[in-house]
Amino acid sequence: MAVVYEKTKLLTDKPLHYCPGCTHGIIHRLVAEAIDELGIQNRTIGIAPVGCAVFAYDYFNCDMMEAAHGRAPAVATGCKRVNPGNIVFTYQGDGDLASIGAAEITHAATRGENITVIFVNNAIYGMTGGQMAPTTLPGQVTTTSPYGRDPKLCGYPIRISEMLATLDGPAFISRVSVHDVKHILDAKKSIKKAFETQLAGKGFSLVEVLSACPTNWGMTPQESLKWLEQNMIPQYPLGIKKEVE
Amino acid sequence: MGQKMLMKGNEAIAEAAIQAGCRFFFGYPITPQNQIPEYMSKRLPKIEGGCFLQAESEVAAINMVYGAAGAGARVMTSSSSPGISLKQEGISYIVGAELPCVIVNMVRGGPGLGSIQPAQSDYFQSTRGGGHGDYRMLVLAPSSVQEAVELTQEAFDLADLYRNPVLVMGDGLIGQMMEPVEMPERKPRTDLPEKTWAATGWEPGCGRDRAIINSLYIDPAVLEKHVNHLYEKYAAMEANECRWQEEMTEDADYIIVAYGTTARIARSAMRKLREEGIRAGLIRPITLWPFPAAPIAAAAKHAKAILTVEMSMGQMVEDVRLAVEGAVPVHFFGRTGGIVPTVREIITQVETLAKGGH
Amino acid sequence: MAKLTIAGETCKGCGLCADVCPRHLLALSKEINTKGYHPIAITDQDQCIGCAFCARMCPDAVIKVEK
């Protein structure tokens, strides 16, 4: 019998702490598989965020740094500038990247910093218990928008991928989803492409991954994937937003 | 480079860092320290492996320092008071993750946007850690451009030795004035531990554990153990790194305690007072943390009074009082907001003490 | 003929794998693992075609597929 599929060695044996049905685990696996398939474990440095993925350094089986909230792109910049031969990636959520770290991500992108950013957008602050995020949809109920996000009061969700794609610095930006197997395969391709972009020295690459948060959305895992497909994708259209050949 | 050159304090600090092996600098413009990043932006790109980057903010700059230090490099950032406040988050993380780096603060008047003139009102912030959590930093306070060169160079060794950031605390005057300096090349100390903890790429069987540069310890018992470990390092710093300079303290009735620019003015005042027949002495802390409490306590045993002079409303004076433990009266004179005290003002203060005033 | 190996101890019983199985061969077990979850189990190993959809969907990487 041949192995068709098994857990990559780029993930450690530590059980993931994520809630049942949380798609962070899928995204971790795709990133780890990409590093594994590209044969770059021995020179990859991952930068973990603050948020649900704060313990990412326990899961990715490569050298890791843990950054302050939103600062992962700055940490990655320092790391990459010291050892340009390293492959440096950040793994950040929407609160981390699109709110408190909006300056760091924008400037890393516009500098064309030769790093890869995995941006997990689940439209909510997960780790702190389900507060409104910069990516929370209009009308979406969270613990700090209990009547639904009112754009008149707190503005509109940020489309990070489209925003960064307007800059000259980035070499590859795409938005993908992990709500079904087909989209998971597409997501994998994009993530691999992002790392290949860095390997080729082309500059900044970012993959925004739409992700489900069943616990804080107050849904079953199955309902949350459906909700992602029906509500998040219209707000955050999938596809490649920028690609420099 | 044996011969003396005339250099501005800020530029001398930048060149000194390069001569000590610093190849990475991340900064953000703020007066009165701009000549440091400007100088680095000229020099570092011309040196193999060197990199200067102007960050989008002080916050980003200190986090770039975190990443570069985590990758094992000798790295520096500089700023002035409001910018140093912004860096505090990153400094706390750097301490927690036990990363070595050098931070320069050319202190200006505060609070808030304050002024751009010299001040020493960041003493509390510098010597008490500055950011959140239980920690300390070595704080080196030069009082001349030459000393700024030497302390900056030593700061890199001390940072590597203790795996802790080192703060070089000057003020607008130290940064802006020109003095003749010798600029030696300085090789790193040979007894420094290898940076086997740095994140440079790992695979199974590569001969070391996977590097995790991190300050998160979610289990309180583990965090307490980690902080205890940090405090063992601080105890070693207190035992080994405390520095100060004493002048004419042996027979002094009145001891002036002052550091940095203020110490230069206090020295002139002390000499004038001696000419007047008033036995004055000077203790100049060179490390603000660890604080030279022992020599101050020793001098207090035979002095009539101590006068602490600062460019602030009185911050170091609290450490002087703690050192003296009430043995003699500790008086304070300070100017703040960017005003530099004059020799005459200090003389008047001591004369008043000598006449039994205050 | 394909074979699934499920690391039941790390399964959180979210059931996402069951939803994507084209032959509907996965269901939560009546057993409870040490974390307190009902882990997923295969109901009819012989019917498995080894497509690995389940493994690709699993957030916790608990499924190994051989063929």
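**View 1. Arg29(A) and Glu33(A) share helix H1 of chain A.** In this predicted model, helix H1 of chain A covers residues 24–38 and holds both Arg29(A) and Glu33(A). Four residues separate the two, which is about one turn of the helix. Look for the place where their side chains meet: this is a salt bridge, with 3.8 Å from N to O. Are these two partners buried or exposed? Both Arg29(A) and Glu33(A) are buried. Side chains of opposite charge can pair when their charged atoms come close.

View 2. Lys192(A) has a relative accessibility of 23%, so it counts as partly exposed. Glu37(A) is partly exposed too, because its relative accessible area is 44%.

**View 3. Salt bridges link five residues of chain A in a network.** Which residues take part in the network? They are Arg29(A), Glu33(A), Glu37(A), Lys188(A) and Lys192(A). Over all chains, the count comes to 39 salt bridges.

**View 4. Glu15(B) and Arg43(B) form a salt bridge in chain B.** Their side chains meet at 2.9 Å, N to O. Once again distant parts of a chain are linked: Glu15(B) sits in helix H1 of chain B (residues 9–19), Arg43(B) in helix H2 of chain B (residues 35–43), and they are 28 residues apart. Glu15(B) has a relative accessible area of 4% and is therefore buried. Arg43(B), at 27% relative accessibility, counts as partly exposed.

**View 5. Helices H10 and H11 of chain B pack against each other.** Two packed helices are described by the angle between their axes and the distance between the axes. For H10(B) (residues 293–300) and H11(B) (residues 316–324), the angle is about 60° and the axes are 8 Å apart. That angle makes H10(B) oblique to H11(B). The crossing of H10(B) past H11(B) is right-handed. On the H10(B) side, the contact is made by Ala293(B), Ile296(B), Ala297(B) and Ala300(B); on the H11(B) side, by Val320(B), Ala323(B) and Val324(B).

Technical notes. Residues numbered from 1 in each chain as written. Chains lettered and ligands numbered in written order. Predicted model: local features only at pLDDT ≥ 70, side-chain atom pairs only at ≥ 80, totals over all residues. Heavy atoms only, no water. Axes fitted to C-alpha atoms, helices over the stretch in contact; angles between N-to-C directions. Parallel < 35°, antiparallel > 145°, perpendicular 65-115°, else oblique. Left-handed = near helix turned anticlockwise from the far one by under 90°. Contact = heavy atoms within 4.5 Å. Salt bridge = Lys/Arg side-chain N within 4 Å of Asp/Glu carboxyl O. Buried < 20%, exposed > 50% of the residue type's maximum accessible area, 1.4 Å probe, protein only.
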